[in-house]
Amino acid sequence: YTVNKTFEKLRKENIHYYLYSPKEISKKVLIVSGLHGNEGGVIEPLFDFFYYYKNPTTSVVFIPTMCPSALQKRERNNARGHNANRIFDKDICDPEKDVITNIVMEYAPFDLVVSFHEDLEYPNIYVYEMGKRGSKIQLEKWQKEIKKMGIHVLNGIDDPNDADLRNTFVEGYHHKPYPVQNGQFEDWVVAQCYAKRSLTVEIPSSVSKDQKRALIRVSCEKLGGM
């Protein structure tokens with residue numbers, strides 16, 4: 001996979017990441033994926049998005065594979081048996097978590113963090129917004145474009161069987177004004193003041209690669225203001 005040649009490819013231990021830093025920066029964004037090894041279907045479409053990405057005022061740090069050992073196994077948990085998205089505010093020894101923490105701290109603070117996941121069960125897209133609601137979020141336009149693609153947004157509970165979730169979504173959207181200590185990366189970055197707000201975008205695993213590309217594009221543009 002490749003990104004736009006204006007991105008600098010970097011590496012910290014076993015985790016590769018990419019830096020896009022234009023001359024005039026008014027906004028800093030962190031984009032991540034691959035927290036769970038069985039959700040790798042969004043990674044290539046994200047590379048495709050950044051292959052054409054060009055914004056003269058937005059700096060981007062892109063970490064495509066947050067948990068390489070889980071992706072290698074194609075399983076939810078990593079080589080240490082950890083769900084990487086439940087350990088970020090926990091006193092748990094995990095080398096991959098430590099590397100990600102170091103990368104985030106090096107480039108923080110961010111105006112926005114966007115974390116891409118795949119939903120393996122629902123055929124719907126939905127997004128959590130954490131922190132103070134973004135003033136430039138174009139939620140209605142996002143919803144309208146999603147529906148034009150023929151993809152449904154989630155109305156209802158995201159996962160009634162997961163005690164850390166059980167959030168109610170209306171037209172694919174749920175807002176959490178304050179982070180909670182549940183180990184989730186997206187809450188942790190806001191709680192630690194590494195980011196003003198975060199978005200967690202759940203893309204249905206069942207859609208095509210082209211549809212994933214389109215969902216990533218519209219989510220970055222309408223919700224992330226990129």
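The model is predicted; local features need pLDDT of at least 70, side-chain atom pairs count only at pLDDT 80 or more, and totals for chains, interfaces and linings use all residues. Residues are numbered from 1 along each chain as its sequence is written, and side-chain values use heavy atoms, with hydrogens and water left out. Helices (H or I, at least four residues) and strands (E, at least two) are DSSP runs, numbered from the N terminus.

**Helix α3**

- Helix α3 covers residues 95-107, which is 13 residues. From first C-alpha to last, α3 reaches 19 Å, close to the 18 Å expected at 1.5 Å a residue; the expected span is 1.5 Å times one less than the number of residues.
- At the start of α3, a side-chain oxygen of D94 comes to within 3.1 Å of the backbone nitrogen of E96.
- The buried residues of α3 are E96, K97, V99, I100, T101, I103, V104 and Y107. Buried means under 20% relative accessible area, exposed over 50%, and partly exposed in between (1.4 Å probe, protein chains only).
- An α-helix has 3.6 residues a turn, so residues three or four places apart point the same way.
- Strands β1 (8-12), β2 (15-20), β3 (27-32) and β4 (58-63) are among the elements that the buried residues of α3 pack against. Helices α2 (68-73) and α5 (185-191) also pack against these residues.

**Helix α6**

- Helix α6 covers residues 209-223 and has 15 residues. Its reach from first C-alpha to last is 20 Å, close to the expected 21 Å.
- In α6, the buried residues are K212, L215, I216, V218, S219, C220, K222 and L223. Their cover includes α1 (43-51), β5 (112-119), β6 (124-131), α4 (139-148) and β11 (197-204).
- After α6 comes G225, which has a positive phi, near 65°.

- The axes of α1 and α6 come within 9 Å and cross at roughly 55°. Axes are lines fitted to C-alpha atoms, for helices over the stretch in contact, and angles run from 0 to 180 degrees between N-to-C directions.
- The two helices α1 and α6 are therefore oblique to each other. Angles under 35 degrees count as roughly parallel, over 145 as roughly antiparallel, 65 to 115 as roughly perpendicular and the rest as oblique.
- On the α1 side, the contact (heavy atoms within 4.5 Å) is made by E44, P45, L46, D48 and F49. On the α6 side, K209, K212, R213, I216, R217 and C220 take part.
- Helices α4 and α6 pack at about 165°, with axes 9 Å apart. That makes α4 roughly antiparallel to α6.
- This second contact is made by L139, K141, W142, E145 and I146 of α4 and L215, R217, V218, S219, K222 and L223 of α6.

- S115 lies in strand β5 and is buried, with a relative accessible area of 1%.
- The side chain of S115 has a polar contact of 3.0 Å with that of H117 and one of 2.7 Å with that of E186. A polar contact is a pair of N or O atoms within 3.5 Å; within protein, one must be able to donate a hydrogen and the other to accept it, and residues adjacent in sequence count only if both atoms are side-chain atoms.
- T200 lies in strand β11 and is buried, with a relative accessible area of 8%.
- Leaving aside neighbours within four places in sequence, T200 is in contact with S115, H117, Y126, V127, Y128 and E186.
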